[in-house]
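This report is for a reader who is new to the structure shown below. Please keep the sequence and the model at hand while reading.

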Amino acid sequence: MILIIPIIVFSSLNVQRNIMEERQRLHDKHISDANRIAVVVDDKLQELKKLGKRLSEESWVRKMMQNTDVYENEFDFLKMLEIRRNFENSINSLNILSFGMIVFPEKGQVFTSWGAFTEDDFFSNVAVFDNETRQQLESAMLDQQYFKVLPPETMRLWGNSKHVIPVFQSLEVVNQPRGVLVLFIDSAYFEDYMHRFGSIESTDILITTQGQAIYRQTQAGLSGGEQGGQHSYELVVPSLESDLKYKISYLDNSVIGINNLFSSLLAILISAAVGALTAFLLAKISYRPLGALLNKLSAALRYDDVKSSLSSGSEYNYIEQSFDRLLLENEKLQRSMQDYEKAAKSNLFQRLLKGYFTDEQQMNGLKKMGIGYTDEMYYCTVLISFHALRDVSDFCQIRKIEMMTLVIVEKVMERYGLDYELFEVTHADKALILSSEDVFGQEGIMEQIVLSITEEIEQACDFHPYVLSGTVEKGLVGISKSYYAANESLQYILFSRDHLPDLQEEAVQTIVEYYYPTDWEVQLINNLKIGNLDTSIQILHEISAENGKRCLSEASTIRLVSLLMETILRVLHELNLDTGIYVKQFAAKAEGADAGEMWSYMYEVVTLICERNRYSNSMMTIETGSQLLQYVNENYTSADVSLKQLAEIYQMSVSKVSKIFKEVTGINFYDYLCRLRMERAKELLRERKCGIDDIAHRVGYENVYSFKRAFIRYEGIKPDEYVDIAM
């Protein structure tokens, strides 16, 4: 039965498909036939148009249209005889016209192949119409008619009754033409023409103009909406040459043949016979791998699950429980991956805030996380702080503020058309990185954005947050510059609120500090140790450029360069190099108090350090060391980080890992790890948001005793004492 069901469905669809294909084939054929009929009539109308155009270009027609007697002498008897003969030949060559004439309304004359007549004489003695028809014809002659077909009319031509279709065509393009070509299509000629070139498949052909029929052709015994139980349908084709419409009716005889139906029924009967045997054989064969699968699944299930499945008496419970377990594990894995991607992306943004000096590996990390930042774009960092919230234990209020912040930031950014990334940071609650390929921030736009976010959060949550923006900078390093500018403003507000209520703002603003972030110092040290000259020079250049914007005094500039040189000398010492000569040479430069000379000498020392490391370490050692250093920088807060773990990950001996790490960084592994942990611990201690036990676990120590001992060895004081000093 399982096999029969799809065959029945397939057979039904096949019958339906055959019906639709047959109907479509006949419909296409009828459309083609209807278009052919329209083309046949349009071709004849095109010949009528050509006749009118040819006559309008004849000189004798133009002269006759002139309302003057100047040209009368040109049209003698022989000339008129020749003109009439040519006009008659043109009329007869079309094979469907009864006769034709050129009417000159201003002169009241009619020209035909029989001669020239006055209008009254012609319509009274030659072509006689009833009064109403004559008035319609005379009215049509007075208007400009590019090409107009009138409904059929009956007239008496030279005493003989004729059924004709008038066709009007102005011989000049004016509102009241002086010459009008009137052709009378003989209905008998036109019917004979349609019988010779019309359709043999249609049941009815109807040609109309202005809603009135001018011709109808019906096959004998086939007229009407239904013939022999068969329906008919109508195709309407508009004329391309006039306002005619062709309505052609066809029989809808697209029915399925009995042979197709019989073959489908036969296929169903054969399937019923063969399907039962085939199904039995397939069941016997397919149950073997299914049985093996069930055995494996039952072995993978817990004992309680197996017991409950056996009690239910159905082996399909094994499959159901197994898939439930797989779906649950897959869901957990997906959540873990999303959490990891979110954490990794947040970590990248944190690194951007601290100072992101690009290299190929770091740019690949941005692309991998879907962050389309480049050095050609412009950035601005905005910090959003909830420090003004006094009751930090009201988690519902905090959650509401955070959710409303997400909604408000999205609405404001959409209003100003800027791309943004919103994430959590340490020194504030939220950080907002704005980015654009074009320069932005002119005309106080950043101030407007900050004000909009502040006012809308205050209005929605009845709470006034601290929202501060940095400067708009170009390049990825500009994110860090903008962040530190905003963070300085935030720290000043927090410090003033808690410690300096009476300090005048003007007095504080006069204090100009040099720009040398700790995060940039750490990156400078790391790049010097691995011999990365380009990035080291870039860091120094960015520090110099940023401090140049601050218009430092000469004393502050010399102090900044001295601090940078102290960092470089510390790197030299850790690389086991003699620092004496460098100290003496720099001291000589400093005595001259020439900041430019001091900067130049510092660049020279940096180049020497990087060049030495480049040639002293092999490319493989540098690459491996960089990987080790990157892993430690990203995982130093884990208690499992150790030389043994690195050796297992990179499949090397512990001694080799230690040696490579020392060659790359200049210090041993545990000193470097301790430095990273202590710097992070000091940062957390200054925030005073968590206890010492919690900080110990956060920076990678299994117990607080080990943490305190390492802190005393690194800083020389206890963590509690450091907190008091930091306050």
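## Basis of the report

The structure is a predicted model. Every value given here was computed from that model.

## Helix H23

Helix H23 covers residues 669-687, which makes 19 residues. From the first C-alpha to the last, H23 reaches 28 Å, close to the 27 Å expected at 1.5 Å a residue.

Both ends of the helix have a feature to look at. At the start of H23, a side-chain oxygen of Asn668 comes to within 3.3 Å of the backbone nitrogen of Tyr670. After the helix comes Arg688, and its phi is positive, near 55 degrees.

## Lys682 within the helix

Lys682 is part of helix H23. Is Lys682 buried or exposed? Its relative accessibility is 12%, and buried means under 20%, so Lys682 counts as buried.

The side chain of Lys682 also has a partner: it makes a polar contact with the side chain of Glu679, at 3.4 Å. As a general point, an α-helix has 3.6 residues a turn, so residues three or four places apart point the same way.

## The second largest pocket

The second largest pocket holds about 290 Å³ of space. Its lining is made up of 14 residues, and those nearest the centre are Tyr670, Leu673, Arg677, Tyr701 and Ala710. Tyr670 was named above for its backbone nitrogen, which a side-chain oxygen of Asn668 approaches to within 3.3 Å.

Which helices each supply at least two residues of this lining? They are H23 and helix H25, the latter spanning 704-715. By type, the lining residues of the second largest pocket divide into seven nonpolar, three polar and four charged.

## The cavity

Rolling a probe the size of a water molecule over the atoms shows where empty space is left. How many cavities of 30 Å³ or more does the structure hold? There is one. The largest cavity has a volume of about 80 Å³.

The residues lining the largest cavity are Val41, Lys44, Leu45, Ile96, Val149, Ile165, Ile185, Phe190, Ile207, Ile214 and Leu244. Helix H1 (residues 4-56) gives the largest share of this lining, with three residues. Ten of the lining residues are nonpolar, none is polar and one is charged. Lysine counts as charged, and Lys44 is in the lining.

## Cysteines

How many disulfides are found in the whole structure? The search finds zero.

Cys551 has a relative accessible area of 64% and is exposed, because exposed means over 50%.

## Positive phi in two loops

Asp462 is not a glycine, yet its phi is positive, about 55 degrees. Asp462 sits in the loop between helix H12 (445-461) and strand E17 (466-469). With a relative accessible area of 73%, Asp462 is exposed.

Gln651 is also not a glycine and has a positive phi of about 55 degrees. The loop that holds Gln651 runs between helix H21 (643-650) and helix H22 (654-665). Gln651 has a relative accessible area of 74%, so it is exposed.

## Pairs apart in sequence

Ile102 belongs to strand E1, residues 97-104. Its relative accessible area is 0%, so Ile102 is buried. Along the chain, Ile102 and Thr112 are ten residues apart, and their C-alpha atoms are separated by 6.6 Å.

The second pair involves Ala460, which lies in helix H12. Ala460 is partly exposed, with a relative accessible area of 32%. How many residues in sequence lie between the positions of Ala460 and Met404, and what is their distance in space? They are 56 residues apart in sequence and 7.4 Å apart in space, taken from C-alpha to C-alpha.

Definitions and conventions:
Residues are numbered from 1 along each chain as its sequence is written. This is a predicted model: local features need pLDDT of at least 70, side-chain atom pairs count only at pLDDT 80 or more; totals for chains, interfaces and linings use all residues. Side-chain values use heavy atoms; hydrogens and water are left out. Helices (H or I, at least four residues) and strands (E, at least two) are DSSP runs, numbered from the N terminus. The expected span of a helix is 1.5 Å times one less than its number of residues. A polar contact is a pair of N or O atoms within 3.5 Å; within protein, one must be able to donate a hydrogen and the other to accept it, and residues adjacent in sequence count only if both atoms are side-chain atoms. A disulfide is a pair of cysteine sulfur atoms within 2.5 Å. Buried means under 20% relative accessible area, exposed over 50%, partly exposed in between (1.4 Å probe, protein chains only). On a 1 Å grid over the protein atoms alone, a cavity is a set of points where a 1.4 Å probe fits but cannot get out, and a pocket is an open set with protein on both sides within 12 Å along at least five of seven lines; lining residues have an atom within 4 Å of a point. Grid points are joined across faces, edges and corners, and a volume is the space filled by probe spheres set on the points.
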